[in-house]
Amino acid sequence: MPKNFYETTDKAIELLNRRATKRFEDAKDKAAKDGFDELSVLSVARELYDQLEADNRQVYLELAQERYQEAEPHGEEPPDLAWLLALLAAYNAVTKYQYTNEVERKRQYTAEGINSSTAKVTEFRRGLHYWAGLTADYADIVTDESTLKSYRDAGVRRVRWVTVGDEKVCETCRERNGKVYSINAIPPKPHRRCRCIFQPIMK
Ligand SMILES: [Zn+2]
């Protein structure tokens with residue numbers, strides 16, 4: 001398996017983090033101009049998270065489509081926006097929440113944090129930090145799910161769990177290393193940012 005399996009993923013995460021940093025910076029300037037007026041903060045947060053969500057949606061879709069084609073073997077029905085939205089709206093066993101709900105929760109949390117704190121700038125920074133975590137988690141999930149869709153579409157029925165093999169591999173992953181699972185019954189990854197991969201078992 002190529003060592004750079006998550007290379008496209010990491011590039012997408014980097015791009016999104018750069019954009020988010022700029023978005024939070026602009027939002028902070030805008031709110032500051034209004035003297036951090038409570039209502040202004042709410043509307044700035046609303047706009048900010050709408051933009052962040054749109055950025056993620058666009059880059060995740062590109063990532064999913066790229067991974068789909070990179071996967072070997074790959075199918076003929078690349079993921080579309082409906083596929084992505086369904087994935088983001090579904091409960092995820094790794095993060096233990098629905099992305100869509102979590103975006104809303106993060107928006108409220110940031111807006112309330114800014115409004116109730118005297119350290120307004122710190123609250124913006126905190127919001128960015130949490131957003132970056134969510135973005136990275138779901139970039140990995142989009143990568144794995146689009147890869148599995150690609151395999152399934154190509155007729156793959158079973159996959160082998162393969163760890164990256166470095167010292168950071170957790171005990172659960174180490175135990176699963178080399179195990180073969182039905183492609184529709186793979187246990188959820190045991191933790192966020194798990195970089196184990198699924199190798200297709202060819203017939
Ligand atoms: Zn792992």
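Q: Which exposed residues does the face of α4 turned away from its buried side carry?
A: This is a predicted model, and in it a residue counts as exposed when its relative accessible area is over 50%. On the face of α4 that is turned away from the buried side, the exposed residues are E112 and S116.

Q: Within what arc do the buried residues of α4 fall, seen down its axis?
A: In α4 the buried residues are Y99, E102, V103, K106, R107, T110, A111, G113 and I114. An α-helix has 3.6 residues a turn, so residues three or four places apart point the same way. The buried residues of α4 line one face of the helix, because, seen down the axis, they fall within an arc of 165 degrees.

Q: Which elements do the buried residues of α4 pack against?
A: Helix α4 covers residues 99-116, and its buried residues include Y99 and I114. The elements that the buried residues of α4 pack against are α2 (38-70), α3 (81-89), β2 (97-98) and α5 (120-153).

Q: How many residues apart in sequence are the parts that C173 and C196 tie together?
A: The zinc ion is coordinated through the SG atoms of C173, C194 and C196, at 2.2 to 2.4 Å. C173 lies in helix α6 (residues 171-176), whereas C196 lies in the loop between β4 (180-182) and β5 (197-201), so the pair ties together parts whose separation in sequence is 23 residues.

Q: Is C196 buried or exposed?
A: A residue counts as buried when its relative accessible area is under 20%. The relative accessible area of C196 is 3%, and therefore C196 is buried.

Technical notes
Residues are numbered from 1 along each chain as its sequence is written. This is a predicted model: local features need pLDDT of at least 70, side-chain atom pairs count only at pLDDT 80 or more; totals for chains, interfaces and linings use all residues. Side-chain values use heavy atoms; hydrogens and water are left out. Donors are N, O and S atoms within 2.8 Å of the metal (3.2 Å for Na, K and Ca); water is not among the atoms, so sites may look incomplete. Helices (H or I, at least four residues) and strands (E, at least two) are DSSP runs, numbered from the N terminus. Buried means under 20% relative accessible area, exposed over 50%, partly exposed in between (1.4 Å probe, protein chains only). The expected span of a helix is 1.5 Å times one less than its number of residues. The arc is that of the directions from the helix axis to the C-beta atoms. Contact means heavy atoms within 4.5 Å.
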